[in-house]
Amino acid sequence: MNKHHLQTPAFLINSLIDNGAKEDIDSIADKCLDRTLFDYLGDKYEDEELKVFARREEAEVFLEDFFHTFTDSDYRRKFGVTNNGLNLLVAAFINSTF
């Protein structure tokens, strides 16, 4: 997988955070594991681009793998996130570049 394809969803989610969006970490993890995250966010925040961006399937596979790999204790320890699942998504995308 070309990791640069993960920049688009990272920027889209970063925009949500910039506008004050906050999501429960467990809810985000569940939605990533069942590959409904982008439909959920697109519907909730009325952002069609979140639902139809190019390389969406690659991002869904990446996030599913991420949440199968890391646990609750990793979120704070490795990524410094405890309060906002959207921040954890951005951390996951940043981690994908290494």
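Among contacts between residues at least 6 apart in sequence, what share joins residues at least 24 apart? In this predicted model, the figure is 69%. The protein is built from 7 helices and 0 strands, so expect a tour of helices, with H7 (residues 85–95) as the main stop.

**Overall build**
- Reading from the N terminus, the elements go α-α-α-α-α-α-α.
- With a radius of gyration of 12 Å, close to the 13 Å from the globule rule for 98 residues, the protein is as compact as a globular protein of that length.
- Buried residues account for 42% of the 98.
- Accessible surface comes to about 5,600 Å², and carbon and sulfur atoms hold 45% of that.

**Helix H7, wrapped up**
- H7 is largely enclosed by the rest of the structure, because 8 of its 11 residues are buried.
- Those buried residues are Gly85, Leu86, Leu88, Leu89, Val90, Ala91, Ala92 and Phe93.
- Their cover includes helices H1 (7–18), H2 (25–33), H3 (37–44), H5 (56–69) and H6 (72–79).
- Where H7 starts, a side-chain oxygen of Asn84 comes to within 2.9 Å of the backbone nitrogen of Leu86.

**The nonpolar core**
- The largest nonpolar core counts 31 residues, and Leu63, Phe67 and Leu89 have the most contacts inside it.
- H1, H2, H3, H5, H6 and H7 each put in at least two residues, with H7 giving the most at 7 residues.
- Leaving aside residues up to four places away in sequence, Leu89 touches Ile13, Ile28, Cys32, Leu37, Leu63 and Phe67.

Note on methods. Residues numbered from 1 in each chain as written. Predicted model: local features only at pLDDT ≥ 70, side-chain atom pairs only at ≥ 80, totals over all residues. Heavy atoms only, no water. Buried < 20%, exposed > 50% of the residue type's maximum accessible area, 1.4 Å probe, protein only. Helix = DSSP H or I, 4+ residues; strand = E, 2+ residues; numbered from the N terminus. Contact = heavy atoms within 4.5 Å. Polar contact = N/O pair within 3.5 Å; in protein donor to acceptor, adjacent residues only side chain to side chain. Core = buried A, V, L, I, M, F, W, Y, C linked by side-chain atoms within 4.5 Å. Rg over C-alpha atoms; globule rule 2.2 N^0.38 Å. Areas by Shrake-Rupley, 256 points an atom, 1.4 Å probe, with all protein chains shown as cover.
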